[in-house]
Amino acid sequence: MRILITNDDGINAPGLAVLTEIAEGLAGAGGEVWCVAPAFEQSGVGHAISYTQPMMVSELSPRRYAVQGSPADCVLAGLHDILNGNPPDLVLSGVNRGNNAAENAVYSGTLGAAMEAALQGVPAIALSQFHGPANRDLDDAFDASRQHGLATVQRLLDKGVWNNDDYGIFYNVNFPPVPASSVKGLRAARQGFRRDIGFGVQPHTSPSGRRFLWVTGAPQQEPTSPGSDAAVNLEGYISVTPMRADLTAHDILEPLKAIE
Ligand code: MN
């Protein structure tokens with residue numbers, strides 16, 4: 001199997017080393033793992049692409065490239081330049097440091113890369129490691145994703161629905177904030193929503209007296225509605241959420257006929 005890996009935490013992020021282990025296990029001895037990842041951290045850039053400027057691409061070692069661009073840029077560079085004419089069987093993005101459950105999914109560069117791969121007709125999975133009190137101080141905060149990542153991806157390739165009609169399906173996987181030995185299993189879960197506790201801003205003054213705002217995040221240990229992604233993660237399950245880039249609210253189309 002030929003696999004393209006990327007992330008949004010940058011090419012030197014510990015989670016990308018975890019994903020490299022997963023991908024090499026999946027690819028097998030005769031397979032290939034190609035890494036095309038952002039030169040610097042790109043968390044929170046979503047599905048952004050560098051539309052108004054070029055991106056520098058540097059080959060660091062065989063099959064390993066740093067791109068001065070977004071995660072979606074990395075997928076475009078990988079598919080259309082580095083692997084030009086010979087697309088991979090799978091794109092994996094992550095393993096993100098922190099969960100991409102609930103509303104985080106909308107901002108996530110990790111998911112942006114997977115979504116771009118799906119738009120390009122390549123099967124894609126985003127992987128993220130939820131951090132919390134039960135795992136963030138372990139020697140390996142990525143223990144759950146490191147130990148369960150390969151089996152999870154393999155299970156999804158075997159049993160998942162892979163539909164590349166128009167927008168195609170990609171998968172968002174979140175590993176729970178517990179040690180690997182405490183992981184209870186896999187759950188198919190919808191994207192949750194952390195009501196009333198979304199992102200905000202906090203003002204700060206620079207040494208020169210200028211006013212700046214830092215974006216502040218929501219409390220990540222609050223469960224979402226029962227059975228949805230962050231809720232099952234906080235119960236110790238790996239969540240698997242099928243997604244597509246079609247943003248149409250399909251359930252509203254029929255009632256919207258009232259405007260015709
Ligand atoms: Mn990130």
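**Entry 1: the sheet**

I began with the sheet of this predicted model. Nine strands form an open sheet with mixed pairing. I read the strand order as E3-E4-E2-E1-E5-E6-E7-E11-E8. The edges are E3 (57–61) and E8 (185–188), and each of these strands pairs on one side only. From one strand to the next the twist averages 20 degrees.

I then looked up the pairing of E1. Four bridges join E1 to E2 (residues 32–38), and these two strands run parallel. Opposite Ile5 I found Cys35 of E2.

**Entry 2: helices on the sheet**

Next I turned to the helices. H4 packs on the sheet and touches E1, E5, E6, E7 and E11. The direction of H4 makes about 170 degrees with that of E6. H5 lies across E5, E6, E7, E8 and E11. Against E7, H5 runs at about 155 degrees.

I also checked how H4 meets H2. The axes of H2 (residues 71–82) and H4 (residues 109–119) come within 7 Å and cross at roughly 35 degrees. I noted this crossing of H2 and H4 as right-handed. On the H2 side the contact is made by Pro71, Ala72, Val75 and Leu76. On the H4 side I listed Gly109, Gly112, Ala113, Glu116 and Ala117.

**Entry 3: strand E7**

Is strand E7 enclosed or open? Six of the six residues of E7 (residues 170–175) are buried, so this strand is largely enclosed by the rest of the structure. I sorted the side chains by direction. Phe170, Asn172 and Asn174 point one way, while Tyr171, Val173 and Phe175 point the other way.

E7 has a partner in E6 (residues 124–129): five bridges join the two, which run parallel. In this pairing, Leu127 has Val173 of E7 as its bridge partner. E7 is also joined to E11 (residues 237–243) by five bridges, and here the strands run antiparallel. There I found Phe170 opposite Met243 of E11.

E6, H5 (residues 143–159) and E7 make a left-handed β-α-β unit.

**Entry 4: the manganese ion**

Which residues coordinate the manganese ion? I found Asp8 (OD), Asp9 (OD), Ser43 (OG) and Asn96 (OD1), at 2.1 to 2.3 Å. Along the chain these donors follow the spacing D-D-x33-S-x52-N. Asp9 lies in the loop between E1 (2–6) and H1 (14–27), and Asn96 in E5 (residues 90–97), so the pair ties together parts that are 87 residues apart in sequence.

Asp9 has 15% relative accessibility and counts as buried, because the cut-off for buried is under 20%. Asn96, at 6%, counts as buried too.

I stayed with Asn96 for its surroundings. Leaving aside neighbours within four places in sequence, Asn96 is in contact with Asp8, Asp9, Ser43, Thr110, Leu127, Ser128, Gln129 and Phe142. Ser108 is twelve residues from Asn96 in sequence, and their C-alpha atoms are 9.2 Å apart.

**Entry 5: Lys159**

Last, I looked up a residue of helix H5, Lys159. Is Lys159 buried or exposed? Lys159 is exposed, with a relative accessible area of 61%. I also took a distance from Lys159 to Pro38, 121 residues apart along the chain. The C-alpha atoms of Lys159 and Pro38 are separated by 31 Å.

Conventions
Residues numbered from 1 in each chain as written. Predicted model: local features only at pLDDT ≥ 70, side-chain atom pairs only at ≥ 80, totals over all residues. Heavy atoms only, no water. Donors = N, O, S within 2.8 Å, 3.2 Å for Na, K, Ca; no water. Buried < 20%, exposed > 50% of the residue type's maximum accessible area, 1.4 Å probe, protein only. Pairing = 2+ DSSP bridges. Right-handed = clockwise from strand over helix to strand, strands pointing away. Axes fitted to C-alpha atoms, helices over the stretch in contact; angles between N-to-C directions. Left-handed = near helix turned anticlockwise from the far one by under 90°. Contact = heavy atoms within 4.5 Å.
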